[in-house]
Amino acid sequence: MKHLNKQSKSRAKQTQKRNGNRESVHLPGGWNLPPFGVHQFLALMIVAVALWSVGLVWLALQGGQQWVGSWQQEVKVHVYVDQKQKKTLTLLQQSLEQISGVENVRLIERVEATVWMEKWLGGSDLDAEGFTKHLPESFEVTLTEPREEGVLLRIKQLAEGKGAAVNDDEIQLVQAGDVLGTIQNLAWFATLVLGSAMALIVSNTLRMILLARAEEIFLMRLMGAREWFVRLPFVLEGLLLGAGAGLLAWILVWPLLWVSESWEQGLGIDLSGWMMFLPLIFSGAVVGTIGALIATTNIVSPENEG
Amino acid sequence: MMRYKTGKVALSGLNMDIPQGSFVYLVGESGAGKSTLLKMLYGGLRPTSGQLKVQGTMIRGASEVQIRDLRQRIGIIFQGNRLLFARTVFENVAMPLRVQGWDTARLLPRVKKVLSFVGLEDRVWSYPETLSGGEQQRIAIARAMISNPPIILADEPTGNLDEDTARHILDLLTALNKLGTTVLMATHDLHLLTSHPGLVVQLHQGALMTGQKP
C-alpha cells in the first residue's frame with residue numbers, strides 16, 4: 001500500500017508539473033488561497049508602480065514642507081526701516097496694525113537684535129553690538145490665521161510707500177507654502193484616483209481568477225458553503241497582493257532617495273524612506289482588500305447548468 | 001409546479017412522497033423534468049407554486065441559510081462528474097467537509113475510508129485526468145457520500161459509461177442505499193432497473209405518467 005501511495009504521489013507531481021498547476025495554500029478553517037500565477041504577478045507590478053508614484057508625490061511634499069519649515073504653522077513677515085527714517089517708526093507701526101489680516105506688529109528691540117546677531121556670527125570674536133548698530137530698525141508682523149488673501153501685498157505696498165522694505169525671501173517662502181498647500185490637495189486627488197485605479201486592477205485580476213475557478217465556486221455553493229467561505233480566500237489574496245505591492249513600492253523608493261541625497265542636503269531636507277514603510281504597505285493592503293471586495297461582490301454561479 | 005422565467009412549465013401536478021431509505025429511479029425522455037426535479041430537491045430551483053419538503057425544509061419559502069444547511073445534508077452526483085481536474089482526488093473528495101469546516105488533520109482518514117468504499121484508496125494523491133471515466137465517477141460518488149448525507153441525488157451518473165462500469169456504479173449506490181441513504185437517480189439506462197430494482201418515477205413532459213404514485 002505504501003509503495004502504491006508513493007507511486008501515486010509521484011504520478012500526481014508529474015501531472016501537476018505538466019499542467020503547470022500550483023498547489024493552493026491551505027488556510028485554517030478549510031480555506032484555500034488561490035495559487036499565485038502570472039495574472040497576480042502582473043497586478044502586483046502595476047499596483048507597486050502606482051503605489052510607488054503616489055509614495056514619491058508624498059515624499060516630495062514632505063521635502064517641500066521641510067524646506068518651507070515653520071512658516072506653515074505661524075506666518076511672520078519682517079519690515080525693515082532705514083535708521084535715517086527712524087522718526088516714521090510709530091506712524092508705520094500704526095499703519096501696519098490697521099491692515100486687515102495683521103494680528104500684531106512688534107518693534108524688535110536692539111538687545112534682541114544683538115542676541116540674534118551674536119547667534120548669527122556663531123560665537124566668533126567679531127563685535128556683534130557694532131554690527132547691530134548698522135542694522136535697520138525691524139518690525140515683526142504676525143498675520144491672522146487663517147491668512148487673509150492679499151495681506152502680504154498690502155503690507156509690501158504700504159511699507160514701500162513709506163520708504164520701508166519687506167523681507168522678500170519670507171514672502172516667497174509664504175507663497176511657496178501656499179503652492180505646497182495646493183500641491184497637497186492635488187496629491188490627495190491623485191492618491192484617490194490612483195487608489196481607485198489600483199483597486200480596479202486588483203478587482204479585475206481577481207475577477208479573472210474567479211472566472212477560472214467558477215466551477216469550484218459553483219461546487220462549493222452546491223455543497224452548502226457559506227458565502228464568506230467562498231469569498232474570503234479572494235479577499236485575503238487581494239489583501240496580500242496589495243500589501244506585497246506596497247512592500248515592492250517601498251523598496252523602489254530607496255534608490256531614488258540615494259540618488260537625490262546630495263540635492264536633499266543642499267536644501268536642508270532630510271527625507272526618510274522608513275517613514276513610507278507602514279503607509280505604503282497599509283495603503284496597498286487597503287487598496288487590495290477593496291479591489292477584492294469589489295470583485296467578489298456578486299459571484300454568479302451557473303445554478304441552471306448541470 | 002415549476003415555471004421558468006420564460007414562461008415554460010418544467011414540472012406540473014407532481015404529488016409524491018419519497019420515504020427515507022428508498023432507492024428511486026427518475027426516468028423519462030429528455031426534457032421530461034428529471035434534472036429540474038433534482039435541482040429543486042437541493043434548492044437550486046424553487047417551485048413557483050405548491051409545496052416541496054426535503055429533510056424537513058420547505059424549499060419554496062426557505063431562506064438562503066436553510067438552503068445551505070440542507071445542501072450540507074445532500075450528496076450530489078452529476079453525469080459529467082464535475083470533478084476539479086486541477087485538484088487531487090483528495091482535494092476533490094474532501095471538498096464537502098472543507099466547506100463544513102473540518103480541519104485538515106481529520107480529513108485524510110475520512111477521505112481514505114470513503115475511497116476504500118469505492119475501491120480507489122490507492123488513488124488519493126492522483127489527479128482525476130489520470131483516471132478512467134468509471135474511476136472518475138466513483139470519485140464523484142466518494143465526494144457525494146463523504147459527509148454521510150441522508151440523501152444522494154444522482155443525475156444520470158451512468159450516462160457516459162459502458163454497461164459493466166455503469167453496473168459497478170449502481171452497485172455502489174445500492175450499497176449506500178442499504179446503509180440507509182435515500183438515493184434518487186435520474187437515468188435513461190432502463191436495463192439497469194432489472195439488475196438493481198427500486199421505485200420508479202416516470203416523468204413525461206413535466207408530469208408524472210398516469211397511474212404513477214410512489
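At what angle do the axes of helix α2 (residues 38-68) of chain A and helix α7 (residues 168-212) of chain A cross? They cross at roughly 170 degrees and come within 10 Å. That makes α2(A) roughly antiparallel to α7(A); angles over 145 degrees count as such. Axes are lines fitted to C-alpha atoms, for helices over the stretch in contact, and angles run from 0 to 180 degrees between N-to-C directions. Helices (H or I, at least four residues) and strands (E, at least two) are DSSP runs, numbered from the N terminus.

This is a predicted model, in which local features need pLDDT of at least 70 and side-chain atom pairs count only at pLDDT 80 or more, while totals for chains, interfaces and linings use all residues. Residues are numbered from 1 along each chain as its sequence is written, and chains are lettered from A and ligands numbered from 1 in the order in which they are written.

The residues of the contact of α2(A) with α7(A) are 23 nonpolar, eight polar and no charged. Here Ala, Val, Leu, Ile, Met, Phe, Trp, Tyr, Cys and Pro count as nonpolar, Asp, Glu, Lys and Arg as charged, and the others, Gly among them, as polar.

**Cores**

A nonpolar core is a set of buried Ala, Val, Leu, Ile, Met, Phe, Trp, Tyr and Cys residues joined through C-beta atoms within 7 Å. A residue is buried if 20 or more other C-beta atoms, placed from the backbone, lie within 10 Å of its own.

| Core | Residues | Members include |
|---|---|---|
| Largest | 96 residues | A:Val47, A:Leu51, A:Val202, B:Leu153 |
| Another, apart from it | 16 residues | A:Leu92, A:Val102, A:Val105, A:Val141 |

In the largest core, the four residues named touch the most other members. Beyond four places in sequence, A:Leu51 is in contact (C-beta atoms, placed from the backbone, within 7 Å) with residues including A:Met198, A:Ala245 and A:Leu280.

**Sheet in chain A**

Four strands of chain A form an open antiparallel sheet in the order β4-β5-β3-β6. Strands pair if DSSP finds at least two bridges between them. β4 (102-107) and β6 (165-166) stand at the edges, each with a single partner strand, so one side of each has no neighbour in the sheet. Six bridges join β3 (residues 76-81) to β5 (residues 137-143); A:Val81 has A:Glu137 in β5(A) as its bridge partner.

**Chain B**

Chain B has seven helices and ten strands, and 45% of its 214 residues count as buried. Eight of the eight residues of helix α1 (residues 34-41) of chain B are buried, so the helix is largely enclosed by the rest of the structure. B:Gly43, with a positive phi near 85 degrees, follows α1(B).

Conventions: Buried ≥ 20, exposed ≤ 12 C-beta atoms within 10 Å, placed from the backbone. Contact = placed C-beta atoms within 7 Å. Parallel < 35°, antiparallel > 145°, perpendicular 65-115°, else oblique.
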